Amino acid sequence: DKTKAKSPALGEAYRQLATLLASEGHGKFTEVRYSSDKAQVVALAKEALALFDRADKMLQEAGSRIKAQLDAAGPAERPVVLRRYLETLLQHGRALLTKSDLQLRYLNQQAEAGKTRVQAAGLFKTMADFRSNDALGWIGVAWYGISQAGLDEKERETAFKAVETAKDPLA
């Protein structure tokens, strides 16, 4: 229905559903880490990966919808919509980092793991762009540093140093 497709609540609904999927994926990842049966590890890792793939698609949709709301928001509603947007980016980035770990450690998908980690880093970097407007922007800086492990150690250290030495009251 076209009325529902334009509803401002739809982006939040996608985010909430994706959060549930990602939470299930994180649970499966925990099972993978503690399983000693190699066949079960691969099966659980594939289940977790499928959950993260579904969450990824829903979080992309949620992020696009909420970003459109942010772009259209007036000064009074902007802080609330910005917070929702940054929370969406954070959830998405964390889910992608876990997906990357699954790909790398348990599914022998090194190239895909690198691409997934770069995608997560991009989300955290976007969050960081808002650090002068919301404290979650500084959390994005920290997560950006975390996402650089195995990609760019200098970037990682730069991000952590930025957080440690920040004078901004939001940091």
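## How helix 5 crosses helix 6

Helix 5 passes helix 6 in a left-handed crossing, meaning that the near helix is turned anticlockwise from the far one by less than a right angle. Helices here are DSSP runs (H or I, at least four residues), numbered from the N terminus. This is a predicted model, where local features need pLDDT of at least 70 and side-chain atom pairs count only at pLDDT 80 or more. Residues are numbered from 1 along each chain, and side-chain values use heavy atoms, without hydrogens or water.

## Who touches whom

Let's look at the contact itself (heavy atoms within 4.5 Å). Helix 5 brings residues including Phe-124 and Met-127, while helix 6 brings Leu-136, Gly-137 and Trp-143, among others. The residues of this contact divide into nine nonpolar, three polar and two charged, with Gly counted as polar.

## The nonpolar cores

The largest nonpolar core has 23 residues, and Leu-86, Phe-124 and Met-127 are among those with the most contacts inside it. Such a core is a set of buried residues (under 20% relative accessible area, 1.4 Å probe) of nonpolar kinds such as Leu and Phe, joined through side-chain atoms within 4.5 Å. Helices 3, 4, 5 and 6 each supply at least two residues of this core, and the largest share, eight residues, comes from helix 4.

Leu-86 touches Met-127, Phe-130, Asp-134, Leu-136 and Gly-137, leaving aside residues up to four places away in sequence. A second, separate core of 18 residues includes Ala-18, Phe-52, Leu-102 and Leu-107.

Note on methods
Buried means under 20% relative accessible area, exposed over 50%, partly exposed in between (1.4 Å probe, protein chains only).
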